[in-house]
Amino acid sequence: MVVEMMIGKAITPFLFAGAFVLMALGAYHMNPSRSKISGVATGIVALVGGIFMIINVVMFQSSSNLMGTMGPISNYMAGLGVLYGLFFTMIGLILIIGAKLHVMAPIAIVVGWITLAYAVFFNMAMNMIFPGGNWIYLASVAYMWFIAMNIAGFSMAGKVPERFNGGFLMWSSLYTFAIPGIMMALAIVH
């Protein structure tokens, strides 16, 4: 129980920052006319959230009392955390300066495929270590991110409607960040 509480304290801020960023990006894309949502304000949220995510991962990995508390998924979380932190930081900068997001479309798709590779590895590793464990929900988060990043990439390239992307980002905010954040903060999962 003590280890689970330490995990929740370490990862929960990261997850809630991600939920905040995705909710802002979802709202931005749900309003393609930009009459209600400012690209600059959304960019600031994404930039600050992305930087916060990177700092949180570095602090988690370098803290002597938290090092390795997540066992085999510590490096998994760190790798994806920094990857997504950098992605959100770049999205934030692009929105702040008012540039077009389409330059990030192929990067979003590549990040999605990297996430899929992580998810497959994660599933194999966790199944060997904790057969039938409660890690299955956490693994589904990675698969959902594969879908979300591909939808985002194709939306930025103009192949998927922007409102659909926004709705999926809002759902992803809840499913992949807010709900796991609450579960880990309450030490329901590890």
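Trainee: Leaving aside neighbours within four places in sequence, which residues is asparagine 31 in contact with?
Mentor: This is a predicted model, and in it asparagine 31 sits in the loop between H1 and H2. Once the neighbours within four places are set aside, the residues in contact with asparagine 31 are Lys36 and Ile37.

Trainee: Is asparagine 31 buried or exposed?
Mentor: The relative accessible area of asparagine 31 is 12%. Buried means under 20%. Asparagine 31 is therefore buried.

Trainee: Where does arginine 34 lie, and what is its phi?
Mentor: Arginine 34 lies in the loop between H1 and H2. Most residues other than glycine have a negative phi. Arginine 34 has a positive value, and its phi is near 60°.

Trainee: How many salt bridges does a search of the whole structure find?
Mentor: Side chains of opposite charge can pair when their charged atoms come close. Glutamate 162 and arginine 34 form such a salt bridge, with their closest N and O atoms 2.4 Å apart. For the whole structure, the number of salt bridges found is one.

Trainee: How many residues apart are glutamate 162 and arginine 34?
Mentor: Glutamate 162 is in helix H6, which covers residues 162-185. Arginine 34 is in the loop between H1 and helix H2. The pair links distant parts of the chain, and the separation is 128 residues.

Trainee: How does relative accessibility class glutamate 162 and arginine 34?
Mentor: Buried means under 20%, exposed means over 50%, and partly exposed is in between. Glutamate 162 has 22% relative accessibility, so it falls in the middle class. Arginine 34, at 28%, also counts as partly exposed.

Trainee: What is the C-alpha to C-alpha distance between phenylalanine 16 and phenylalanine 177?
Mentor: Phenylalanine 16 is placed in helix H1, residues 2-30. In sequence, phenylalanine 16 and phenylalanine 177 are 161 residues apart. In space, their C-alpha atoms are separated by 6.3 Å.

Trainee: Are H3 and H4 roughly parallel or roughly antiparallel to each other?
Mentor: The axes of H3 (residues 74-97) and H4 (residues 105-129) come within 11 Å and cross at roughly 170°. Angles over 145 degrees count as roughly antiparallel. H3 and H4 are therefore roughly antiparallel.

Trainee: Which helices do the buried residues of H4 pack against?
Mentor: H4 has 25 residues and reaches 36 Å from its first C-alpha to its last, close to the 36 Å expected. Its buried residues include Ala105, Gly112, Leu116 and Met126. The buried residues of H4 pack against H3 and H5.

Trainee: How far apart are the end C-alpha atoms of H5?
Mentor: H5 covers residues 136-156 and is mostly covered, with 16 of its 21 residues buried. At 1.5 Å a residue, H5 should span 30 Å. The end C-alpha atoms agree with that, being apart by 30 Å.

Trainee: Which residue with a positive phi follows H5?
Mentor: The phi in question is near 85°. The residue is glycine 158.

Trainee: What pattern does the chain follow along the sequence?
Mentor: The chain has six helices and zero strands. Buried residues make up 51% of its 190 residues. Read along the sequence, the pattern is α-α-α-α-α-α.

Notes:
Residues are numbered from 1 along each chain as its sequence is written. This is a predicted model: local features need pLDDT of at least 70, side-chain atom pairs count only at pLDDT 80 or more; totals for chains, interfaces and linings use all residues. Side-chain values use heavy atoms; hydrogens and water are left out. Axes are lines fitted to C-alpha atoms, for helices over the stretch in contact, and angles run from 0 to 180 degrees between N-to-C directions. Helices (H or I, at least four residues) and strands (E, at least two) are DSSP runs, numbered from the N terminus. Angles under 35 degrees count as roughly parallel, over 145 as roughly antiparallel, 65 to 115 as roughly perpendicular and the rest as oblique. A salt bridge is a side-chain nitrogen of Lys or Arg within 4 Å of a carboxyl oxygen of Asp or Glu. Buried means under 20% relative accessible area, exposed over 50%, partly exposed in between (1.4 Å probe, protein chains only). The expected span of a helix is 1.5 Å times one less than its number of residues. Contact means heavy atoms within 4.5 Å.
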